[in-house]
Amino acid sequence: MLEKSVEVKVLENGARSTAKLVQIANQYRSTVNIKQNSMTVNAKSIMGMMTLGLVTGQSIDVEVDGEDEKDAMNGIEMFLLGR
């Protein structure tokens with residue numbers, strides 16, 4: 001399992017960016033969770049991710065567990081950093 005704290009650098013449009021993040025998470029077999037404050041949600045669930053209301057400048061924890069966890073962590077982190 002990998003866990004990393006990431007500061008969200010770029011989210012142009014909240015709903016659209018959240019949907020893109022969900023699409024990226026769904027590309028991997030690993031379980032991907034996003035933690036914000038005391039809330040943990042499945043990054044592969046659009047409804048769960050919408051409850052977080054992610055915005056630029058916010059710090060979140062990304063937790064990834066599974067066979068392709070390194071690739072999944074890299075893909076999620078690159079998106080959140082706007083790369």
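Q: What counts as a helix here, and what span is expected of one?
A: Helices (H or I, at least four residues) and strands (E, at least two) are DSSP runs, numbered from the N terminus, and the expected span of a helix is 1.5 Å times one less than its number of residues. This is a predicted model, in which local features need pLDDT of at least 70, side-chain atom pairs count only at pLDDT 80 or more, and totals for chains, interfaces and linings use all residues. Residues are numbered from 1 along each chain as its sequence is written, and side-chain values use heavy atoms, with hydrogens and water left out. Helix H3, residues 69-80, has twelve residues and reaches 16 Å from its first C-alpha to its last, close to the 16 Å expected.

Q: Which residues of H3 are buried?
A: Buried means under 20% relative accessible area, exposed over 50%, and partly exposed in between, with a 1.4 Å probe and protein chains only. In H3 the buried residues are Glu69, Ala72, Met73, Gly75, Ile76, Glu77, Phe79 and Leu80, and just after H3, Gly82 takes a positive phi of about 75°.

Q: In what order do the elements of the protein run?
A: The protein has three helices and four strands, which run β-α-β-β-α-β-α from the N terminus on. Its radius of gyration (taken over C-alpha atoms) is 11 Å, close to the 12 Å that the globule rule (2.2 Å times the number of residues to the power 0.38) gives for 83 residues, so the protein is as compact as a globular protein of that length.

Q: What share of contacts joins residues at least 24 apart?
A: Contact means heavy atoms within 4.5 Å, and among contacts between residues at least 6 apart in sequence, 70% join residues at least 24 apart.
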